[in-house]
Amino acid sequence: MVFDILTIFPDFFGTPLQEGIIRRALEDGKIQVGIHNIRDYALDRHHMTDDRPFGGGEGMVMKPEPLAECLKTVLAGDETSRVIMLSPKGPRFSQQVAQRLAVSPRLVFICGRYEGVDERFRDKYVDEELSIGDYVLTGGELAALVVIDAVSRLLPGVLGCEDSAVNDSFSCGLLKHAQYTRPRIFEGTAVPEVLLSGDHAAIARYRLVETVKLTLERRPELLLDVSFTPAEQKILKKEGLLGRIETIVREYRTERSSAG
Ligand SMILES: C[S@@+](CC[C@H](N)C(=O)[O-])C[C@H]1O[C@@H](n2cnc3c(N)ncnc32)[C@H](O)[C@@H]1O
């Protein structure tokens, strides 16, 4: 997978791309990242990439021409790339979006700064906008890194099987159960006994129950889109969780339909 980043702060990406799994993915050629300085495509004497907003108002707006020139050079006619603009106004990035993007051959990220990007650039060149949450960052660089990180770990061979993405939170629609490692007792608190039992079926049952309890407690709305196998339903019924799930799902559905 190829990632390209268009930014006015190319140095921003040094360390985050040189650590851990992302660094290994780069070294192994599983991903490639191109960083392109928009300023190099600003043709005026001062290499201006921003200007005052028409109609007045605070701040500066990123000019469309340097962005368009930079993008055209990076794409070089390639029509398979997906151009993504990071923006607090875009649809929310999620694990599902990461899974969808992970099958693209190439993603090109436009990092805004200041008050954002001239709307005409967006209309003409951007395939989709993405927000990483309901807050405003100073620029799109951190958001691009978030998307690159989440997408990269879904690519074949990027994670070793010891840290496989299959059972992560959200991948199966629920929050992942708690994890423990040595020591067996930490400041007086022991690891749940079942995890030391070596009984794989009992451990799988325990983890299913913990996963569902955690999701019920913290993100019950996620249960709306999850279905359980008959064997799982039997376990959850025995634990008194199936009724709670059914009630919550019913409540959310009623809420949704009355909201129109
Ligand atoms: C200060 S923000 C601009 C905010 C804009 N004035 C508004 O109110 O929507 C500058 C840049 O940061 C990036 N950015 C800020 N918050 C973001 C978020 N939640 N998700 C993705 N990108 C974000 C975008 O690229 C944006 O163009």
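**Entry 1: the strands**

I began with E1 and E2 in this predicted model, and found that they pair in the parallel sense over 6 bridges.

Next I turned to E5. Its pairing with E6 is in the parallel sense, over 4 bridges. E5 is also joined to strand E7 (residues 128–130) by 3 bridges, and these two run parallel. Which residues stand across from methionine 85? In E6, the bridge partner is isoleucine 110; in E7, glutamate 129 stands opposite. I noted as well that E5, H3 and E6 make a right-handed β-α-β unit.

**Entry 2: the core**

I looked up the largest nonpolar core and found 34 residues in it. Those with the most contacts inside it are Leu6, Leu67, Leu86, Phe109, Ile110, Ala144 and Val147. Which elements give two or more residues to this core? My list has strand E1 (2–7), helix H2 (64–75), strand E5 (82–86), helix H3 (95–101), strand E6 (106–110) and helix H5 (141–152). H5 gives the most, with 7 residues.

Leaving aside neighbours within four places in sequence, I found isoleucine 110 in contact with Leu6, Leu67, Val83, Ile84, Met85, Leu86, Val117, Val126 and Gly140. There is also a second, separate core of 6 residues, and I noted Leu174, Val212, Leu223 and Leu236 among them.

**Entry 3: helix H2**

I checked the span of H2 next. Its 12 residues reach 16 Å from first C-alpha to last, close to the 16 Å expected at 1.5 Å a residue. The buried residues of H2 are Pro66, Leu67, Cys70 and Leu71. Why do I place them on the same side of H2? Because they cover an arc of only 125° around the axis. On the face turned away from that buried side I found the exposed residues Lys72 and Thr73.

I also looked up what covers the buried residues of H2, and the cover includes E1, strand E2 (32–37), strand E4 (61–62), E5, E6 and helix H4 (119–125). Just after H2, I came to alanine 76, which takes a positive phi of about 45°.

**Entry 4: helix H5**

H5 has 12 residues too, and reaches 16 Å from its first C-alpha to its last, close to the 16 Å expected at 1.5 Å a residue. I counted 9 of the 12 residues of H5 as buried, so this helix is largely enclosed by the rest of the structure. They are Glu141, Ala143, Ala144, Leu145, Val147, Ile148, Ala150, Val151 and Ser152. I then asked what they pack against, and found E1, H1, E5, H3, E6 and E7.

**Entry 5: leucine 155**

My last stop was the loop between H5 and strand E8 (185–186), where leucine 155 has its place. Is leucine 155 buried, exposed or partly exposed? I call it partly exposed, because it has 15 C-beta neighbours inside 10 Å, and a buried residue needs 20 or more. Leaving aside neighbours within four places in sequence, I found leucine 155 in contact with Met1, Lys30, Ile31 and Ala102. I also looked at valine 103: it lies 52 residues from leucine 155 in sequence and 8.3 Å away in space, C-alpha to C-alpha.

Methods: Residues numbered from 1 in each chain as written. Predicted model: local features only at pLDDT ≥ 70, side-chain atom pairs only at ≥ 80, totals over all residues. Core = buried A, V, L, I, M, F, W, Y, C linked by C-beta atoms within 7 Å. Contact = placed C-beta atoms within 7 Å. Expected span 1.5 Å × (residues − 1). Arc of directions from axis to C-beta. Pairing = 2+ DSSP bridges. Right-handed = clockwise from strand over helix to strand, strands pointing away.
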